[in-house]
Amino acid sequence: MSTLKVTNIQATGETAIRAVSGVAAAWAFFDGTGTPSLDGSFNTTSLTDQGTGLFLLTWTSAMSDANYSSSGAGRSILLTGSAGVQTTSTVRVASINDAGASVDDTNNSVSTHGGLA
């Protein structure tokens, strides 16, 4: 396998050029109801149910350190990192509704930016 080193990326058909540092290192789209399942992902190897509204995402390739940025969105408010666990290989995700209660919800997404090890 070869290694391609670049500073900027431009997708075929796009006019915008973006820095490699701005491309997500990992992302996940998941359903947190019933038996939680990854519906789509990149660099995400597993999703673990840790209780009502709490999930653990595990990266396929670890981050270079635990100082990366994750953000989430969904029908409920989705918090990442601040839910208590963020390591080089995992991030804990909390899904909380408008009333502040932990809930299992559908259509959750997490995007992570940072350096890969």
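A surface patch here is built from residues with over 30% relative accessible area and no salt bridge, and nonpolar side chains are joined within 5 Å. Keep that in mind for the first item. The model is predicted.

By that rule, Leu-4, Val-6, Ile-9 and Val-23 make up a nonpolar surface patch, and together they have about 350 Å² of accessible area. Leu-4 lies in the segment before β1, which covers 8–9. Exposed means over 50% relative accessible area, so Leu-4, at 76%, counts as exposed.

Next, the open sheet. Four strands are ordered β4-β3-β10-β7, and the pairing is antiparallel. The edges are β4, residues 37–42, and β7, residues 69–73; each has a single partner strand, so one side of each has no neighbour in the sheet. On average, neighbouring strands of this sheet are turned by 15° against each other, direction ignored.

Now β9, residues 90–96. Is this strand mostly covered, or mostly open? It is mostly covered, with seven of its seven residues buried. Thr-90, Arg-92, Ala-94 and Ile-96 point one way from β9, while Val-91, Val-93 and Ser-95 point the other way. Both sets are buried, Arg-92 included.

As for the partners of β9, strand β6, residues 54–59, runs antiparallel to β9 and is joined to it by five bridges. Thr-58 has Thr-90 as its bridge partner there. Strand β8, residues 77–80, is also antiparallel to β9, with four bridges. In this case Leu-79 stands opposite Ala-94.

Conventions: Residues numbered from 1 in each chain as written. Predicted model: local features only at pLDDT ≥ 70, side-chain atom pairs only at ≥ 80, totals over all residues. Heavy atoms only, no water. Patch = residues over 30% accessible without salt bridge, like charges linked within 9 Å, V, L, I, M, F, W, Y side chains within 5 Å. Areas by Shrake-Rupley, 256 points an atom, 1.4 Å probe, with all protein chains shown as cover. Salt bridge = Lys/Arg side-chain N within 4 Å of Asp/Glu carboxyl O. Helix = DSSP H or I, 4+ residues; strand = E, 2+ residues; numbered from the N terminus. Buried < 20%, exposed > 50% of the residue type's maximum accessible area, 1.4 Å probe, protein only. Pairing = 2+ DSSP bridges. Axes fitted to C-alpha atoms, helices over the stretch in contact; angles between N-to-C directions.
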